[in-house]
Amino acid sequence: MKYFNRRIFINVIIKASVLCFTPLVFASSETGNFDVTLTITSSCSINTATDGNVAFGNQASSATNIQVSTASIEVSCTQGTPYTLALNNGANADATSRRMIGQTVATDFVPYELYLDTYTTLWGDGVTFGAVKSGLTGNGTTQSHAIYAQVPSANASAQDYKDTVTATITW
């Protein structure tokens, strides 16, 4: 019987040591979900007259139908954003036309016109001196819109002339 008790005792010792030195492993897990979100709002920016300004250069007073098509307005809008582009009447407009004012003699004016296209559709605010440029959609990059300008007649006194036009983008 001694042998049997010793065997039980040794067996208990071995099992106890295994329990003490064997890590307990519990195999269970749980998962959870979370959202990742972003809201992109439509936006637009405008850079007016990027190719310098609308500059007619030096002209003789006898010159007529002086045309410029080298200026442009650059617009950047969020991809898919519809927008329109309008030009106001300028700082020196009268009831019938946009005008540049003389920089020496402030009572002298030279009328001019701005167009959406190659000198057929006047570009304006949609009310006074022409239509807005519409049906435009942003593509996420810079889009360039040419300004076509014309002075019907330079028949005025010799001096520098200037006007300031404001471009407005609406989205």
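This is a stop-by-stop tour of the structure, saying what to select and what is there.

**Before you start**

The model is predicted: local features need pLDDT of at least 70, side-chain atom pairs count only at pLDDT 80 or more, and totals for chains, interfaces and linings use all residues. Residues are numbered from 1 along each chain as its sequence is written, and side-chain values use heavy atoms, with hydrogens and water left out.

**Stop 1: the whole chain**

Show the chain as a cartoon. There are 1 helix and 9 strands. Helices (H or I, at least four residues) and strands (E, at least two) are DSSP runs, numbered from the N terminus. The order from the N terminus is α-β-β-β-β-β-β-β-β-β.

Of the 171 residues, 29% count as buried. Buried means under 20% relative accessible area, exposed over 50%, and partly exposed in between (1.4 Å probe, protein chains only). Now think about contacts, meaning heavy atoms within 4.5 Å. Among contacts between residues at least 6 apart in sequence, 77% join residues at least 24 apart.

**Stop 2: the largest pocket**

Select Val-54, Ala-55, Phe-56, Met-100 and Tyr-161. Of the 32 residues that line the largest pocket, these lie nearest its centre. The pocket has a volume of about 900 Å³.

How is a pocket found? Rolling a probe the size of a water molecule over the atoms shows where empty space is left. The search uses a 1 Å grid over the protein atoms alone: a cavity is a set of points where a 1.4 Å probe fits but cannot get out, while a pocket is an open set with protein on both sides within 12 Å along at least five of seven lines; lining residues have an atom within 4 Å of a point. Grid points are joined across faces, edges and corners, and the volume is the space filled by probe spheres set on the points.

Next, colour the strands. S2 (64-77), S5 (109-115), S7 (142-153) and S8 (161-162) each supply at least two residues of the lining. S5 gives the most, with 3 residues.

Then colour the lining by class: 20 nonpolar, 9 polar and 3 charged residues. Ala, Val, Leu, Ile, Met, Phe, Trp, Tyr, Cys and Pro count as nonpolar, Asp, Glu, Lys and Arg as charged, and the others, Gly among them, as polar.

**Stop 3: Phe-109 and Arg-99**

Select Phe-109, in strand S5. Phe-109 is partly exposed, with a relative accessible area of 27%. Arg-99 lies over the face of Phe-109, at 3.6 Å from the ring centre. A charge sits over a ring if NZ of Lys or CZ of Arg is within 6 Å of the ring centre and within 35 degrees of the ring normal.

Leaving aside neighbours within four places in sequence, Phe-109 contacts Asn-92, Arg-99, Met-100, Ile-101, Ala-156 and Tyr-161.

**Stop 4: Asn-92**

Move to Asn-92, in the loop between strand S3 (82-87) and strand S4 (98-102). Is Asn-92 buried or exposed? Asn-92 is buried, at 15% relative accessible area. Beyond four places in sequence, Asn-92 touches Arg-99, Ile-101, Phe-109, Lys-162 and Asp-163.

**Stop 5: the tyrosine cluster**

Select Tyr-115, Tyr-119 and Tyr-148, which form one aromatic cluster. A pair of aromatic rings is described by the distance of the centres and the angle of the planes. Rings of Phe, Tyr and Trp (its six-membered ring) pair if their centres lie within 6.5 Å; planes under 30 degrees apart count as stacked, over 60 as edge-to-face and the rest as tilted.

The count comes to 2 aromatic pairs. Tyr-115 and Tyr-119 have ring centres 5.6 Å apart and planes at 70°, so the pair is edge-to-face. Tyr-119 and Tyr-148 are also edge-to-face, 5.6 Å centre to centre with 75° between the planes. This second pair links distant parts of the chain: Tyr-119 in the loop between S5 and strand S6 (133-137), and Tyr-148 in strand S7, 29 residues apart.

Tyr-115 is buried, at 8% relative accessibility. Check the backbone of Tyr-119: phi is near 65°, a positive value in a residue other than glycine.

**Stop 6: Ala-154**

Finish at Ala-154, in the loop between S7 and S8. Ala-154 is buried, at 14% relative accessible area. Outside four places in sequence, Ala-154 touches Ala-60, Ser-61, Ala-63 and Ile-66.
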